[in-house]
Amino acid sequence: MPRKLILSVVISLIVLDLTSCRVPPATAAKEPNKPAVEVFYLANEGFFITGGGKKVLVDALFREGIKPYAVVSPTNKERLEQARDPFSDVDLTMASHFHSDHFDPLAVATHLHHNPRALFVSTNQAFDKFKAVGALFEEVKTRVRAAMPNEGERIKLTHNGIHLQVLHVHHGRNRPIENLGLLFEIAGQKLFHIGDSEATAEDFKINNLLAERIDIAFLPFWYLLDEGNKQAVRAQIKARHIILMHIPPPDENDEYIKKRGGWATVLGKMKAEFPNTVWFRQEMEKKVFN
Ligand SMILES: [Zn+2]
Ligand SMILES: [Zn+2]
């Protein structure tokens, strides 16, 4: 291989590595780098997050899922539930709501059984499903918290040094599905995961999120799709970084997305409008946020 070509391959590999793994802060000129938060994608809205010596799971302990959305592979599902490396000693586990593409009571109970360190936080509806697992629930129930604040209110708790605030963000104004906004701190950064929220800019406003100066917002893709939701992201969430989630497989034959030119086009437009947005393609793909 000619030297020039080798050099250009090396350079492109370096560039590839930087763009695929490390996410530069959107406001690098104004703010110094923060201690790193590492985000690993599991499936759908499920993530494994580490930083500052802490480990967190959000919407990661589920089983069957809902088609067509991604589920965790059998290998990692087993590692997660058995609390085996890298998912050993997880400090805090959370589920935004009880839907089976986010939560499975036996998966959570099995993880808690193998990991006495972890606390699990979710909604009352998830808690009710949890109770139904019987003996395993009885064993771990002291480490299960149901939290469902009223709109505009927050429930705060700290576990293993991680500060968590639980917010009420609805999953469709007229649907009886409890859904949480999970606002927590890892390595000095503020992370906000909103589950399957359909809350509007007005709904978010009462939570005064701007005062939080959110570093990383985990948003379902529909927040970057229509004008009202985009306004909520720009005016009420205003995160340094956006992680898109709940993205169906790219070949999914979705009329709504097809009308907009297909997934590649839709994601390209989202990135053009919100350059601080990233998304994941592979299970256990990692992105580092400073
Ligand atoms: Zn969902
Ligand atoms: Zn849902």
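How many of the 290 residues of the protein chain count as buried? The share is 40%, where a buried residue has 20 or more other C-beta atoms within 10 Å of its own, an exposed one has 12 or fewer, and a partly exposed one falls in between, with C-beta atoms placed from the backbone. The model is predicted, so local features need pLDDT of at least 70 and side-chain atom pairs count only at pLDDT 80 or more, while totals for chains, interfaces and linings use all residues. Residues are numbered from 1 along each chain as its sequence is written, and chains are lettered from A and ligands numbered from 1 in the order in which they are written.

The secondary structure comes to 9 helices and 15 strands; these are DSSP runs numbered from the N terminus, with at least four residues for helices (H or I) and at least two for strands (E). Two residues are in contact if their C-beta atoms, placed from the backbone, lie within 7 Å. Of the contacts between residues at least 6 apart in sequence, 69% join residues at least 24 apart.

Let us turn to the core. A nonpolar core is a set of buried Ala, Val, Leu, Ile, Met, Phe, Trp, Tyr and Cys residues joined through C-beta atoms within 7 Å. The largest one has 72 residues, and F47, I49, F218 and L219 have the most contacts inside it. Strand β2 (residues 37–43) gives the most to this core, namely 6 residues. Neighbours within four places in sequence aside, F218 is in contact with E45, F47, F192, H193, I194, I243 and M245.

Strands β3 (residues 46–51) and β4 pair in the antiparallel sense over 5 bridges; pairing requires that DSSP finds at least two bridges between two strands. T50 stands opposite K55 of β4. The two strands form a hairpin with 2 residues between them, and G52 in the turn has a positive phi of about 55°. Because 4 of the 5 residues of β4 (residues 54–58) are buried, this strand is largely enclosed by the rest of the structure. On to another partner: β4 also pairs with β5 (residues 92–94), in the parallel sense over 3 bridges, and L57 has T93 as its bridge partner in β5.

Strand β11 (residues 189–193) is mostly covered, with 5 of its 5 residues buried. In a regular strand, side chains alternate between the two faces of the sheet. In β11, Q189, L191 and H193 point one way and K190 and F192 the other. Strand β10 (residues 180–186) runs antiparallel to β11, joined to it by 5 bridges, and L182 has H193 as its bridge partner. β11 also pairs with β12 in the parallel sense over 3 bridges, with F192 opposite A217.

Helix α7 (residues 227–237) has N229, A232, V233 and I237 as its buried residues. Seen down the axis of α7, these fall within an arc of 95° (taken from the directions from the helix axis to the C-beta atoms), so they line one face of the helix. They pack against α6 (201–205) and β12 (216–220), whereas the face turned away from the buried side carries the exposed residues E227, G228 and R234. Just after α7, K238 takes a positive phi of about 45°.

Lastly, I242 lies in strand β13 (residues 241–245) and counts as buried because it has 24 C-beta neighbours inside 10 Å. Residues up to four places away in sequence aside, I242 touches A217, L219, F274, N276 and T277.
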